[in-house]
Amino acid sequence: MEGSEELESSLLTQPWASVRFDESTFLAKVCFRDTGYILLISDLSSVWYESADVEAVGQRSKELNKRLTVHVSSFLNHLCNLMCPLLAGQPDATTAFSCHRSASGLRLRVKSELSGLPFYWDFHCCPAPLEMVFRHLVRPLIQMNLVLQCQVQELISLLLQKDAEIEDYRENGATLSRDRLRTEPFQEETFQQNLMAKTLPRICAADEGREFASALQQLYTAVTQQEAKQARKRRCSEDDVDTAPTAETTEHPHPPPPSQEDETSSSNRTSPASSPAQKPRLPAAKAKPKKAKGLFS
């Protein structure tokens with residue numbers, strides 16, 4: 001049966017989405033299963049979460065929806081159908097969301113319909129532990145930053161190669177059929193200056209930096225999937241170490257001391273000094289380094 005740890009692992013690979021509640025912008029992600037749900041939400045000042053199992057969902061549904069007698073799985077399925085379109089940027093017009101912050105946490109209220117009757121739900125979110133914040137937000141963003149830096153460097157290298165190729169064409173008499181296609185050689189320093197002077201202020205404008213574009217959502221999912229894969233490998237390695245047999249034998253964990261007769265017979269054996277000399281081992285042949293291939297070879 002899938003527990004809270006499995007739910008959080010499934011939540012890890014879900015991308016963050018930008019949502020608005022009561023004129024406030026949040027980043028949120030959610031995962032629903034037959035065993036419950038887990039919600040993670042942040043306003044980039046605080047991070048809250050709620051993890052609820054089937055029993056908690058059933059109890060709260062009885063308190064909030066006394067006229068509804070459907071199975072708990074129907075509640076979970078209905079909540080999934082309400083939250084997933086919201087995170088995809090396509091909220092249901094008949095569903096109302098409201099958010100209430102307090103010192104103890106955050107409460108997200110949902111008003112909708114189920115089977116023709118009013119449906120109410122409250123997500124009771126408490127502050128997320130630091131490990132959860134690092135796992136779902138900090139570490140993936142750092143890894144995404146490193147990936148994007150590598151991408152920029154590769155693109156800069158490609159631009160410089162293209163400029164060299166174009167210059168070679170020009171030196172050999174090639175001309176453009178349309179002059180409007182002419183470009184200036186790429187200057188990395190000028191590019192970085194324009195980035196800091198023009199693009200950076202726009203990105204850091206109010207609320208614009210809180211949105212996860214679709215390309216970034218895909219990158220986040222790829223990064224977290226890799227993180228989940230590495231975590232599984234580490235768990236498998238730890239399990240292998242735990243189940244590995246010990247060096248000691250089970251029959252004689254503590255060998256008995258040798259008897260006097262054994263000591264006498266042992267002293268009559270040939271000593272190590274008189275034993276034939278061992279053949280010296282030949283040094284291992286070193287692999288010849290391969291020649292690095294050229295870029296265009």
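**Exercise 1. Which residues form a negative surface patch?**

Before we start, a word on the model: it is predicted, so local features need pLDDT of at least 70 and side-chain atom pairs count only at pLDDT 80 or more, while totals for chains, interfaces and linings use all residues. Residues are numbered from 1 along each chain as its sequence is written, and side-chain values use heavy atoms, with hydrogens and water left out.

*Solution.*
1. Recall the rule: patch residues have over 30% relative accessible area and no salt bridge, with like charges joined within 9 Å. Asp and Glu count as negative, Lys and Arg as positive, and His and the chain ends are not counted. Each charge is placed at NZ of Lys, CZ of Arg, CG of Asp or CD of Glu.
2. The patch consists of Glu165, Glu167, Asp168 and Glu171.
3. Glu171 belongs to helix α4 (residues 130–171); helices are DSSP runs of H or I with at least four residues, strands are runs of E with at least two, and both are numbered from the N terminus.
4. Glu171 counts as exposed because its relative accessibility is 60%. The classes are buried (under 20%), exposed (over 50%) and partly exposed in between, using a 1.4 Å probe and protein chains only.

**Exercise 2. Find the salt bridge of Glu8 and say which parts of the chain it links.**

*Solution.*
1. A salt bridge needs a side-chain nitrogen of Lys or Arg within 4 Å of a carboxyl oxygen of Asp or Glu. The structure holds nine of them.
2. Glu8 pairs with Arg135, at 3.7 Å from N to O.
3. Glu8 sits in helix α1 (residues 4–12) and Arg135 in helix α4, so the pair links distant parts of the chain, 127 residues apart.
4. Arg135 is buried because its relative accessibility is 18%.

**Exercise 3. Describe the salt bridge between Arg109 and Asp122.**

*Solution.*
1. Their closest N and O atoms are 3.9 Å apart.
2. Arg109 is in strand β6 (residues 105–114) and Asp122 in strand β7 (residues 117–127), so the bridge ties together parts 13 residues apart in sequence.
3. Arg109 is partly exposed at 35% relative accessible area, whereas Asp122 is buried at 11%.

**Exercise 4. Is Asp163 buried or exposed, and what does it touch?**

*Solution.*
1. Asp163 is found in helix α4.
2. Asp163 is buried yet has no salt bridge; Arg170, the nearest side chain of opposite charge, is 7.5 Å away.
3. Leaving aside residues up to four places away in sequence, Asp163 touches Pro185 and Phe186, where contact means heavy atoms within 4.5 Å.

Technical notes:
Patch = residues over 30% accessible without salt bridge, like charges linked within 9 Å, V, L, I, M, F, W, Y side chains within 5 Å. Areas by Shrake-Rupley, 256 points an atom, 1.4 Å probe, with all protein chains shown as cover.
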